[in-house]
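Hi,

Here is the structure I promised to hand over.

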Amino acid sequence: MDCLFCKIVAGEIPSKKAYEDDQILAFHDIAPIAPVHILIVPKKHINRANELTEADAALVGHIFAVAANLAREYGVADGFRILTNNGESAGQTVSHLHFHLIGGRKLGEMA
Ligand code: AMP
Ligand code: ZN
């Protein structure tokens with residue numbers, strides 16, 4: 001499949017890894033908008049958040065638990081944001097579900 005993040009998961013495109021296990025990969029965003037900007041992706045291809053079902057509950061819970069660990073590891077446990085853009089109009093540019101973990105500076109209001 002012609003998917004950028006599937007290629008990163010497969011190691012065909014390099015990334016700066018922050019965490020990996022059998023279900024998920026976390027890597028540093030290539031264009032960070034804050035001192036800490038990590039993308040957390042499921043290894044299995046899911047297009048976007050509105051394709052998640054109850055069957056993915058453990059996967060999503062795991063992603064949030066790993067995000068909390070990464071926030072601690074990168075020193076932003078007291079202030080970070082986790083977000084996912086669903087669809088082009090929301091700013092989604094890569095059609096493989098990913099959660100942004102952002103922190104390390106004062107974050108403005110959501111817009
Ligand atoms: P979104 O706009 O929510 O779809 O987020 C896609 C993110 O992927 C953006 O923040 C990009 O900077 C990031 N990105 C695109 N290509 C790469 C890459 N090769 N390695 C790491 N991050 C990337
Ligand atoms: Zn993919």
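The zinc ion (ligand 2) is held by Cys3 (SG), Cys6 (SG), His45 (ND1) and His96 (ND1), at 2.0 to 2.3 Å; donors here are N, O and S atoms within 2.8 Å of the metal (3.2 Å for Na, K and Ca), with water not among the atoms, so sites may look incomplete. The donor angles run from 106 to 117°, which makes the arrangement tetrahedral (four donors, all angles between 85 and 135 degrees). Along the chain the donors are spaced C-x2-C-x38-H-x50-H.

Before you read on: this is a predicted model, where local features need pLDDT of at least 70, side-chain atom pairs count only at pLDDT 80 or more, and totals for chains, interfaces and linings use all residues. Residues are numbered from 1 along each chain as its sequence is written, chains are lettered from A and ligands numbered from 1 in the order in which they are written, and side-chain values use heavy atoms, leaving out hydrogens and water.

There are four salt bridges (a side-chain nitrogen of Lys or Arg within 4 Å of a carboxyl oxygen of Asp or Glu). Glu20 pairs with Lys17 at 3.0 Å and with Lys43 at 2.8 Å. Asp56 and Lys44 form another salt bridge, at 3.0 Å.

Best wishes

Conventions:
Four donors count as tetrahedral if all angles lie between 85 and 135 degrees; four count as square planar and six as octahedral if opposite donors are over 155 degrees apart and all others between 65 and 115; anything else is irregular.
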